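Have the structure open as you read.

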Amino acid sequence: MNRIVVGAVLGLALGVCALGVTLRTLVANFDGENEDTVYPVVSPVGIGTTFKLPEGARIQDFVVSDSKLFFGQSNGTIAVIKALAENKETTAVVHTDSGATYVFLVSPAPAPVADTLVVIEAHDKNLFRQTVAGEVRRQTENLERSHQVELDKQLEAQRLHLLAKVQSNYRIQGDAFPVERVADDGVFTYIFMPRAQVKPAVYLLGRGAKKDQLEPLAYTDQGGYYRVSHVLGHAADRLVLKLDKQTVDITREGR
C-alpha cells in the first residue's frame, strides 16, 4: 500500500508541474438508479487516479481493459490507475468482496482538471430498498388517510342533509343553551346549537334515576352541533346538557 500511495503522490507532483491542471475529487455515487452508471474519469498522462471504496469494503479484483497503455494496481483497500499514453481510453472495473461492481471510463485526454481521487459511494442495497419501500408505504398511508378524511366529510355532509329533512320528535326543556334542533339516525343523536357561546357536557338520565345520577355520554363537538353516541330508547330516558348548575333536558316523544 505504501508503494502505491508514494507512487501516486510522486505522479501527482510531476503531473501538476508539467501540465498545470486543477486537481479535483470525483464522488461516484452508485445508490439506487445510479447502480449501473459508468462514471467518466479524467486522468491525464503523468498524474494518475486513486479509487477509494466505502468504509469497510475491500477490492477483490481491479481490472483495466487496456493494460498496455494504462497501469493499474490495487492492494485490496485502494486502487490506482495511470495513463501511459495520450488520446486513449479504457475501462476500469472495481469488483468488491461483497459482489458489487463499479465501472469507470478513464480518459487521459488533456483537460483543465484531473480526477486524482475517485470516492465511491454505495450504501447497502437492502437498506436502501427498505428505506425507499418505507417512504412509499408512508406516502401511500398518508394518501389513504387523506382520502378517508375527505370521504368522512362527504358522508357527514350527506348525513346532515338528510337529517335536516327529518321531522325530529324531541322535546327541548330549558333555555340555558341555545339548542335549535335534535335528531337522530338510529346510531347517533345530533344536537344542533350553532349559536352556543359555551359548550356543555352531555349526560344520560335513565328512567327511575335520581337527578344526581347522571351518566356521562361520549360525544364529539362538530362545531355547530354535537354528535352523541347514544339514541334515547325509552320515553322516560332523557339527555341532559349540563355546565355547572345550568341544564337543558332533551326527551323523545312517541316511544
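Start with Val 93, which sits across from Val 103 in β8. This is a predicted model, where local features need pLDDT of at least 70, side-chain atom pairs count only at pLDDT 80 or more, and totals for chains, interfaces and linings use all residues. Residues are numbered from 1 along each chain as its sequence is written, and side-chain values use heavy atoms, with hydrogens and water left out.

Val 93 belongs to the uncovered face of β7, along with Thr 91 and His 95. On the covered face you'll find Thr 90, Ala 92, Val 94 and Thr 96. Strands here are DSSP runs of E, at least two residues long, numbered from the N terminus, and two of them pair if DSSP finds at least two bridges between them.

| Partner of β7 | Residues | Sense | Bridges |
|---|---|---|---|
| β4 | 59-64 | antiparallel | five |
| β8 | 101-107 | antiparallel | six |

Now for the second largest pocket. Its lining includes Leu 205, Arg 238 and Asp 249. A pocket is an open set of points on a 1 Å grid over the protein atoms alone where a 1.4 Å probe fits, with protein on both sides within 12 Å along at least five of seven lines; lining residues have an atom within 4 Å of a point. β17 gives the largest share of this lining, three residues.

How values were computed:
Buried < 20%, exposed > 50% of the residue type's maximum accessible area, 1.4 Å probe, protein only. Helix = DSSP H or I, 4+ residues; strand = E, 2+ residues; numbered from the N terminus.
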